[in-house]
Amino acid sequence: MIRNREFQIYIASLLLIGGSAVFTATFFSIGQVLLVSLTAMLLIGSSLIFTWWRYKEIEKLSGYLRRICGGDMSLDIRDNQEGELSILKNEIYKVTLMLTEHKELLKRDKVHLTDAISDISHQLKTPLTSMMVMADLLGNSSLSEEKRMEFTTNIQRQLERIEWLVSSLLKLSKMDAGTILFKKDEVNVKSLVEKAIQPLLIPMDIKEQTLVIEGDEIVTFRGDSHWTQEALINILKNGVEHTRAGGELTITFSENALFTEIVIADNGEGIPKTDLPYIFRRFYRGTNASVESVGIGLAMAHSIVTSQNGTIEVKSENGVGTRFHIKFYK
């Protein structure tokens, strides 16, 4: 503390003021000199003690910050007293909490990234291995034309699957990075539903499924038509796949002062209760998932809806069916 230049200037100032007061008192009487000298010593002493205490507190804070830099986030220096030092302690504690939370988030992101890379590798490994085997067999000159056509078709199907997976992952990555700017257009729900159902009309026709659409033509919400259509397609595709031949899908929509709601329901096999909390998790494959499923469609639908100030909930019962409730808030 004594080597501190600010402290040296402070001591010199106190001594100069005290010496000046004592020197002035000599022009009056000895009693005045003694009184002024004693007062000056008491003031200088108390100032030095107070300054020493403040420096000790600052030194403690410095040690606290050094321990934080060393990774010790468990320290608690909260002080409920008044004063600038107490305020500084509380502010440092708040920063410590923020750093701790940020550190935990980084850990979770790292684990999530590791899991995602592992899942992607697994999803790509299966079709690639299959294609490599079939490509080797195609090199066999004695292979029949019928088998050659079968392997070629299978390779094409696997390539389409890989293309869809990579495309979906790129879309999810853009949403995670916040690089997608969702539009805020006035979207007509009936028109949106009609566009979303178009790619699924043939699969529904093959399974002889019935589609019922109910809702007022003037129902709208503010959002991005293109991306919301993508979300609806993924949900509808899930419904078509898990609804038996001859089953029924229902799409209803309505609007009130708070939100616009779209409900997609089917009378399919339903989702087990054990799977319900995880169906929007990326790469999660439920008990009733098909062999071709990679567990990414519903995760993408969830990200698209929630990114537009919306919510998506699911209610399901085994053997009865599933209902997806999508709400876009005003």
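Is F328 buried or exposed, and what is its relative accessible area? F328 is buried, with a relative accessible area of 2%, where buried means under 20% relative accessible area, exposed over 50%, and partly exposed in between, for a 1.4 Å probe and protein chains only.

## Basis of the model

This is a predicted model, in which local features need pLDDT of at least 70 and side-chain atom pairs count only at pLDDT 80 or more, while totals for chains, interfaces and linings use all residues. Residues are numbered from 1 along each chain as its sequence is written, and side-chain values use heavy atoms, with hydrogens and water left out.

Helices (H or I, at least four residues) and strands (E, at least two) are DSSP runs, numbered from the N terminus. Helix α7 covers residues 225-241, and because its 17 residues should span 24 Å at 1.5 Å a residue, the 24 Å between its end C-alpha atoms agrees with expectation; the expected span is 1.5 Å times one less than the number of residues. The helix is mostly covered, twelve of its 17 residues being buried, and among them are W227, T228, A231, L232, I235 and L236. At the start of α7, a side-chain oxygen of D224 comes to within 3.1 Å of the backbone nitrogen of H226.

Helix α4 has 33 residues and reaches 48 Å from its first C-alpha to its last, close to the 48 Å expected at 1.5 Å a residue. Its buried residues include F151, I155, Q158, I162, L165, L169 and L172. An α-helix has 3.6 residues a turn, so residues three or four places apart point the same way. After α4 comes G178, whose phi is positive, near 70°.

## Aromatic pairs and a charge over a ring

A pair of aromatic rings is described by the distance of the centres and the angle of the planes. Rings of Phe, Tyr and Trp (its six-membered ring) pair if their centres lie within 6.5 Å, and planes under 30 degrees apart count as stacked, over 60 as edge-to-face and the rest as tilted. By this rule the count comes to four aromatic pairs. One of the pairs, F182 with W227, is edge-to-face, at 6.1 Å centre to centre and 65° between the planes. This pair links distant parts of the chain, with F182 in the loop between α4 (145-177) and β1 (185-188) and W227 in helix α7, 45 residues apart. Both F182 and W227 are buried.

F221 and F328 form a stacked pair, with 4.2 Å centre to centre and 5° between the planes. Here too distant parts of the chain are linked, F221 lying in strand β3 (residues 220-223) and F328 in strand β7 (residues 321-329), 107 residues apart. F221 counts as buried at 3% relative accessibility. The charged end of K327 sits over the ring of F259, 4.7 Å from its centre, under a rule that requires NZ of Lys or CZ of Arg within 6 Å of the ring centre and within 35 degrees of the ring normal.

Q308, in the loop between α8 (297-306) and β6 (310-317), counts as buried at 3% relative accessibility. Its side chain reaches the backbone oxygen of I304 at 3.3 Å. Leaving aside its neighbours within four places in sequence, Q308 is in contact (heavy atoms within 4.5 Å) with F182, G223, D224, T228 and F328.

N309, which lies in the loop between α8 and β6, has a positive phi of about 60° although it is not a glycine, and it counts as partly exposed at 45% relative accessibility. E208, in the loop between α6 (201-206) and β2 (210-215), has a phi near 55°, a positive value in a residue other than glycine, and E208 is exposed, with a relative accessible area of 62%.

## Salt bridges

The structure holds six salt bridges, a salt bridge being a side-chain nitrogen of Lys or Arg within 4 Å of a carboxyl oxygen of Asp or Glu. One of them joins the side chains of R222 and E186 (3.1 Å, N to O). Because R222 lies in strand β3 and E186 in strand β1, the pair ties together parts that are 36 residues apart in sequence. Both R222 and E186 are exposed.

K330 forms a salt bridge with E255, the closest N and O atoms being 2.4 Å apart. This pair links distant parts of the chain, K330 in the segment after β7 and E255 in strand β4 (residues 248-255), 75 residues apart. K330 is exposed, with a relative accessible area of 54%, whereas E255 counts as partly exposed at 34% relative accessibility.

Key
A polar contact is a pair of N or O atoms within 3.5 Å; within protein, one must be able to donate a hydrogen and the other to accept it, and residues adjacent in sequence count only if both atoms are side-chain atoms.
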